[in-house]
Amino acid sequence: QVQLVESGGGLVQAGGSLRLSCAASGGIISRSTMGWLRQAPGKQREWVASITSGGSTRYSDSMKGRFTISRDIPKNTVYLQMNSRKPEDTAVYYCQGLFWGAWGQGTQVTVSS
């Protein structure tokens, strides 16, 4: 059974940077499209970014240019680099492995103004 564990969340000031990590076990990330999604308080979960098994990346239009998704295959870990943080980026960020239908438990990111 595939498990995804996010880390790296916390409190950051607006304009700051943060890198989230998603460590996978029980499955190889290069065999799956991996994604990051987020859910702000009182809102629906929304897609942030994805990286395919071939390494192609896609981003939500609202986050393009500020967020970067990447992966380290030997470490079996996916990352989300977030720059120029805004208070509206405050949310729980989730990692997803589409091939397995797996989700992580989420990591809280809070951006203060």
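**Entry 1: the model**

I am working from a predicted model. I kept that in mind for every value below.

**Entry 2: strand β4**

I began with strand β4, residues 34–39. Is this strand enclosed or open? I found 5 of its 6 residues buried, so β4 is largely enclosed by the rest of the structure.

Next I looked up its partners. Strand β5, residues 46–51, runs antiparallel to β4, and 5 bridges join the two. Strand β9, residues 91–97, also pairs with β4 in the antiparallel sense, over 6 bridges.

I then picked leucine 37 to follow across the strands. In β5, tryptophan 47 stands opposite leucine 37. In β9, the bridge partner of leucine 37 is tyrosine 94.

The connection came next. β4 and β5 form a hairpin, with 6 residues between the strands. Which residue in the turn has a positive phi? I read glycine 42, at about 75°.

**Entry 3: the disulfide**

I searched the whole structure for disulfides and got 1. Cysteine 22 and cysteine 95 form it, with their sulfur atoms 2.0 Å apart. The pair links distant parts of the chain, 73 residues apart. Cysteine 22 sits in strand β3, residues 18–25, and cysteine 95 sits in β9.

Left-handed or right-handed? The torsion about the S-S bond is about -75°, so I logged the disulfide as left-handed.

I checked accessibility at both ends. Cysteine 22 is at 0% relative accessibility and counts as buried. Cysteine 95 is buried too, with a relative accessible area of 0%.

**Entry 4: serine 21**

I stayed in strand β3, where serine 21 lies. Its relative accessible area is 16%. The cut-off for buried is under 20%, so serine 21 is buried.

What does serine 21 touch, leaving out residues up to four places away in sequence? My list reads Val5, Glu6, Ser7, Trp36, Thr77, Val78 and Tyr79.

**Entry 5: aromatic pairs**

I counted 2 aromatic pairs. One joins tyrosine 94, noted above, to tryptophan 103. Their ring centres are 6.5 Å apart and their planes stand at 80°, so this pair is edge-to-face. Tyrosine 94 counts as buried, at 14% relative accessibility. Tryptophan 103 is partly exposed, with a relative accessible area of 38%.

Phenylalanine 99 is exposed, with a relative accessible area of 60%. Tryptophan 100 is partly exposed, at 26%.

**Entry 6: charges over rings**

I went back to the rings and looked for charges above them. Which residue has its charged end over the ring of tyrosine 79? It is arginine 19, 4.1 Å from the ring centre. Tyrosine 79 is also one of the residues that serine 21 touches.

Tryptophan 103 came up again here. Arginine 45 lies over its face, at 4.8 Å from the ring centre. Tryptophan 103 therefore has two entries in my notes: the edge-to-face pair with tyrosine 94, and the charge of arginine 45 over its ring.

Tyrosine 94 is the bridge partner of leucine 37 in β9, and its ring pairs with that of tryptophan 103.

Technical notes: Residues are numbered from 1 along each chain as its sequence is written. This is a predicted model: local features need pLDDT of at least 70, side-chain atom pairs count only at pLDDT 80 or more; totals for chains, interfaces and linings use all residues. Side-chain values use heavy atoms; hydrogens and water are left out. Buried means under 20% relative accessible area, exposed over 50%, partly exposed in between (1.4 Å probe, protein chains only). Helices (H or I, at least four residues) and strands (E, at least two) are DSSP runs, numbered from the N terminus. Two strands pair if DSSP finds at least two bridges between them. A disulfide is a pair of cysteine sulfur atoms within 2.5 Å. Contact means heavy atoms within 4.5 Å. Rings of Phe, Tyr and Trp (its six-membered ring) pair if their centres lie within 6.5 Å; planes under 30 degrees apart count as stacked, over 60 as edge-to-face and the rest as tilted. A charge sits over a ring if NZ of Lys or CZ of Arg is within 6 Å of the ring centre and within 35 degrees of the ring normal.
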